[in-house]
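Biologist: Could you walk me through this structure and tell me what backs up each label? I would like to set the values against the cut-offs.

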Amino acid sequence: MNTIFYIAALVALVSTVLAISGRNAIHSLLFLIVSLLAVSIIFFILGAPFIAALEVIVYAGAIMVLFIFVIMMLNVGLEKEMENKWLRPQMWIIPSILALILLVDFISMLKGMQYSKIQGQIVLPKQVGISLFTTYLLGVEISAMLLLAGIVGAYHLGKQKKKVIHRFLDKKEEILADEPE
Amino acid sequence: MVTISVEIQLLFAGLLFLMGLIGLLVRRNIIYMLMSIEVMFNSAGLVFIIAGSRWGQTDGQVMFIFILAVAAAEVSVGLALILQMFYHYKTLDADELNKLRDNNDDSR
């Protein structure tokens, strides 16, 4: 059980180092996803299965897809070479090896133990939900408002404006245009 | 029941946070900076989970859910800002954004 923790921690650290030191943004994202998966295994070991599922679904699923969309949209001038590079198999070797280690880790953990032997004290989703909607109800409402603000802000900032002129400069231009007449 | 000491788990979370911090300080590509911030968020959530597992309370997991919401909102706004930056400056280098600096001649 301890070795599973250490292996997952090692995979997380190595893939994080590779993610922040990479040259290619997509490869770094792959390493970052492997790192998030490793951390979610650690969550599972620590007795938080619900959070482990959320980590995979929200972090590795949704947020990383947002990153991928933005990197694809920006596409900083090297699209042809990039695509050729992505198709080469050697780019996929290290992420697949790390993911494979995680898979073996996970399978051996599932085989080798009963559910009640998970380390730490297990906190089940039911208790978390009860606590979330009684004690922390105000926090839930505040985070709902935060997410709404995030949606509105992202929509407003994401619009591609042609030119931004302050209203003062706008008026000044009108005044200047009126003056010769 | 816990056979790995809490110190080692916290050490792991600290190392993860340190890597995010180093990435934020070293890299100048703004996408990498945002990714490093994600790593830091994740390690902070890991500390909450460790503490919740240590004491057997639900509060750690509840806090992690809040961190998840904050991270999602932060990433959407940050990526929209990155898009605007790219449209205006045609670059992803954070050092290019020095218009508000005093003397632009001897910058960096």
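This is a predicted model: local features need pLDDT of at least 70, side-chain atom pairs count only at pLDDT 80 or more; totals for chains, interfaces and linings use all residues.

Biologist: What makes the span of α3(B) agree with its 31 residues?

Modeller: At 1.5 Å a residue, those 31 residues should span 45 Å, and the end C-alpha atoms of α3(B) are 44 Å apart, so the two values agree.

Biologist: Which residues of α3(B) are buried, and what do they pack against?

Modeller: Among the buried ones are Phe64(B), Ile65(B), Leu68(B), Ala71(B), Val75(B), Leu79(B) and Ile82(B). To be called buried, a residue needs 20 or more other C-beta atoms within 10 Å of its own. The buried residues of α3(B) pack against α2 of chain B and against α3, α6 (125-134) and α7 (137-158) of chain A.

Biologist: How many residues of each chain take part in the contact between chain A and chain B?

Modeller: There are 48 from chain B, in contact with 51 from chain A. On the chain B side, α1 (6-26), α2 (30-55) and α3 (59-89) each supply at least two residues, and α3(B) gives the largest share, 23 residues. By class, that side of chain B has 34 nonpolar, 11 polar and three charged residues.

Biologist: Now chain A. What is it built from?

Modeller: Chain A has eight helices and zero strands. Of its 181 residues, 28% are buried. Among its contacts with a separation of 6 or more, 66% join residues 24 or more positions apart.

Biologist: Why are α2(A) and α3(A) called roughly antiparallel?

Modeller: Their axes lie 8 Å apart and pack at an angle of about 170 degrees. The label applies to angles over 145 degrees, and α2(A) and α3(A) are therefore roughly antiparallel to each other. On the α2(A) side the contact includes Leu29(A), Ile33(A), Leu36(A) and Phe43(A), and on the α3(A) side it includes Ile51(A), Val56(A), Tyr59(A) and Phe67(A). The residues of this contact divide into 20 nonpolar, one polar and one charged.

Biologist: How do you know that α2(A) and α5(A) are roughly parallel?

Modeller: The axes of α2 (25-45) and α5 (90-112) of chain A come within 10 Å and cross at roughly 10 degrees. Roughly parallel asks for an angle under 35 degrees, and α2(A) and α5(A) are therefore given that label. Residues of α2(A) including Leu30(A), Val34(A), Ala38(A) and Ile41(A) meet residues of α5(A) including Met91(A), Leu98(A), Leu102(A) and Phe106(A). By class, this contact has 12 nonpolar, one polar and one charged residues.

Biologist: What makes a group of residues a nonpolar core, and which residues have the most contacts inside the largest one?

Modeller: The members must be buried nonpolar residues, joined through C-beta atoms within 7 Å. The largest such core has 60 residues, and those with the most contacts inside it are Ala8(A), Val34(A), Ala38(A), Ile41(A), Ile42(A), Phe43(A) and Ile49(B). Both chains contribute: α1 (2-21), α2, α3 (49-74) and α5 of chain A and α1, α2 and α3 of chain B each supply at least two residues. The largest share, 16 residues, comes from α2(A).

Biologist: What does Phe43(A) touch, leaving out residues up to four places away in sequence?

Modeller: Phe43(A) touches Ala48(A), Ile51(A), Ala52(A) and Glu55(A), together with Ile49(B) from the other chain.

Conventions: Residues are numbered from 1 along each chain as its sequence is written. Chains are lettered from A and ligands numbered from 1 in the order in which they are written. Axes are lines fitted to C-alpha atoms, for helices over the stretch in contact, and angles run from 0 to 180 degrees between N-to-C directions. Helices (H or I, at least four residues) and strands (E, at least two) are DSSP runs, numbered from the N terminus. Angles under 35 degrees count as roughly parallel, over 145 as roughly antiparallel, 65 to 115 as roughly perpendicular and the rest as oblique. Two residues are in contact if their C-beta atoms, placed from the backbone, lie within 7 Å. Ala, Val, Leu, Ile, Met, Phe, Trp, Tyr, Cys and Pro count as nonpolar, Asp, Glu, Lys and Arg as charged, and the others, Gly among them, as polar. A residue is buried if 20 or more other C-beta atoms lie within 10 Å of its own, exposed if 12 or fewer, and partly exposed in between; C-beta atoms are placed from the backbone. The expected span of a helix is 1.5 Å times one less than its number of residues.
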